[in-house]
Amino acid sequence: MNNTSSFLKSLVDIECVKFGDFTLKSGKKSPIYIDLRNIISYPKILAELSVFFEKHISKEIQRICGVPYAALPMATAVSMNTNLPMLIKRKEAKNYGTKKIVEGEFKKGDKVLLIEDVITSGESLLETINELESEGLVIAQILVVLDREQGGSDRLKAKGYQVQSLFTISSLIKILFDEGKIEEKLYQDVLNFIHDSQITTEFVKPKKKLSKIHPNKIGQQLLDIAHIKKSNLIASVDLTTCNEVLDFLSKVGNGICAVKLHVDIITDFSPEFITELKSIAQQHNFLIIEDRKFADIGSTQLLQLSKGIYAIASWADMVTIHLIAGEASLKAIQDWDTEKKPGLIPIIEMSSQGTLTDKQYMENCKKFLYKYKDVIGGVCQTFEMDSPFLKFTPGVNLASKGDDKGQQYNTPEFVIEKLHSDFLIIGRGLYASTQPEIEIEKYLTAVRNCDIF
Ligand code: 5BU
C-alpha cells in the first residue's frame, strides 16, 4: 500500500471520512460525511498531511495562511516543517486595540500560500482571499486537502484563482474501493451523490440566451438594442465632468446597449449636458440609466424623480431603486400619473463585500417585486430573476478581482455562464482605461463568445 492509500484509509479510521446515511444542512441525504477537524486528535496523521502539502508548495511562497478554523492546525504544521512564517486571518476583526484582521508579520505584496481543508462552494476561501488581498497580500497559491467536486474550484477559477487539491472525493473513494475498504454499491452511491449535488442552482446552469421579448416597453427597447448590436454591455460612467462623460461615450457608444450614470457626481452639470447626452445616445443607439438608487417613502421618491436640478424622470430611460422602503414605495411610482416615467431596476442584491442583501432580504424582495409592470428586472449577483424580468449585474471586470473599498469583481464569462445575467455593468474596467475604445472590444469578444445572442 502506498502513502496515499494508507493516509486516506487512516482518514476513515479516525472518522474524518464517514460512510452511512447522513442528512446535510441543506436537508439533502448524503452517503458520505467529511469533517477533517478531528485530525488534530491524531498528530501523526496531521504530520503526514503536512508532508503531502509540502510537496506542492511553490518556491515563491513567503507566508502561509490557513482558512479558519479547520485549516489553522494544518497551516501551523506546514509552517513548522518548512520554516515558512504563518499568518492567521481572524474570523472577525478585534473590536479593541489594533482592530487587526490578519495576525503575524507581513508586508504588502508578500506572496501567500492559502491552505483549506475542504472546498465545496468555495465561499469561505473567497472570503479569506478578499480579506487577505485587502491587506495588500498576494494569493500566490491555494492548496486544499479535499475537493468535493461540487463546482467550488470552477467558481474560483472563474475569478482567476487556481485551486490545487491533494485529493478529490472521487479519487478518495476510488482508492478506498480498490483497497477493499468500501463496497461497490457504496462507491457508486457516492459517485451518484457527487453528480447530483453540484452547486447547480447558483453557479452551474445550462447556457441561456438573452430573451427577445419583454412586456415593458423600455425593457423591449433594451432587448432590441442588445440583439441588434450584439452587446449586453452597460457602461457605468462614473466620471465627474460633462466633457469626460461625453468624450468617453463617443468612444464606447457603438459597443454598449446602455449607459449608467451617477448624475450627482458630475461637478459641472447643466441641462445642456442632458441634451448632448441624449443626442449621443440616439446617435449610437443606447439607452440611459440613472443609478440614483431611490430608497425613500413613495411621496419623496416622486419628488426626487421629478424635481430638483436633475429632474431625472424627464430624461432617464431607467432608474435604480432600493426596495428597503417596502412595497408601497414601488407602488407609488407605479400609480404615478405622469407623462414620462422611467423603467425601474430594483436592487435586490449588491456586489459589495459584506452586503446586507442576504438570502432573507432577497426572498422578501421577491414577494412583491414581480407585481409591478414598471419593473424591468433587477440588480443582482446570485439571485435568479424569474422570466421575463432581466438580470443586471455590476461588479464585472476582466483585469481585477476587486478594489480596496469593498467592490468584488467577476469576469464577463462567469457572470453570463454561472450567474446567468442578462446585462453586464462595467465601470472602471472601461472608463479607467486609457484606450476604452480598445478595451470595450475585449468585453464584447468575451460576451459574444458566451453565445448569448
Ligand atoms: P466599477 O467601476 O465596475 O466597480 O463600477 C460599478 C458601478 O456599479 C458603480 O457605479 C457602482 O455604483 C454600481 N454598483 C455596484 O458596483 N454594485 C452594486 O451592487 C450596485 C451598483 Br446596486
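How much area do domain 1 and domain 2 bury between them, and what share of it is on carbon and sulfur atoms?

A: Happy to take you through it. Please keep in mind that this is a predicted model. Domain 1 and domain 2 bury about 1100 Å² between them, and 47% of that area is on carbon and sulfur atoms. The size of an interface is often given in just this way, as the accessible area lost when the parts come together.

The domain assignment puts domain 1 at residues 3-203 and domain 2 at residues 217-448. Their C-alpha centres are 38 Å apart. Where they meet, 12 residues of domain 1 are in contact with 14 residues of domain 2.

Now for the pairings across that boundary. The number of salt bridges between domain 1 and domain 2 is zero. Polar contact is counted for one residue pair between the two domains, with both residues at pLDDT 80 or more. On the domain 1 side, helices α4 (123-134) and α5 (152-158) each contribute at least two of the residues that touch domain 2. Sorted by class, that side of domain 1 has six charged, three polar and three nonpolar residues.

With the boundary in hand, here is what else you can find in the chain, beginning with the ligand. It is surrounded by 15 residues, and the closest are Asp238, Ser351, Gln407, Tyr409 and Arg428. Three of these can be described atom by atom. Ser351 places a polar side-chain atom 2.7 Å from a nitrogen atom of the ligand. Gln407 has a polar side-chain atom 2.8 Å from a ligand oxygen atom. Arg428 takes part through its backbone, with an N or O atom 2.7 Å from an oxygen atom of the ligand.

The backbone has a few spots to look at on your screen, too. Pro68 and Tyr69 are joined by a cis peptide bond with omega about -10°, and Tyr69 sits in the loop between β3 (63-66) and α3 (72-82). Another cis bond runs from Ser387 to Pro388, with omega near 5°; Pro388 belongs to the loop between β14 (377-379) and β15 (390-393).

Positive phi values in residues other than glycine complete the tour. Glu15 has phi near 60° and lies in the loop between α1 (3-13) and β1 (17-23). For Lys230, phi is near 50°, and its place is the loop between α8 (217-229) and β9 (233-237).

Key
Residues are numbered from 1 along each chain as its sequence is written. This is a predicted model: local features need pLDDT of at least 70, side-chain atom pairs count only at pLDDT 80 or more; totals for chains, interfaces and linings use all residues. Side-chain values use heavy atoms; hydrogens and water are left out. Domain bounds come from an automatic or database domain assignment. Contact means heavy atoms within 4.5 Å. Buried area is the accessible area (1.4 Å probe) that two parts lose on being put together, summed over both. A salt bridge is a side-chain nitrogen of Lys or Arg within 4 Å of a carboxyl oxygen of Asp or Glu. A polar contact is a pair of N or O atoms within 3.5 Å; within protein, one must be able to donate a hydrogen and the other to accept it, and residues adjacent in sequence count only if both atoms are side-chain atoms. Helices (H or I, at least four residues) and strands (E, at least two) are DSSP runs, numbered from the N terminus. Ala, Val, Leu, Ile, Met, Phe, Trp, Tyr, Cys and Pro count as nonpolar, Asp, Glu, Lys and Arg as charged, and the others, Gly among them, as polar. A residue is near a molecule or strand if one of its heavy atoms lies within 4 Å of it.
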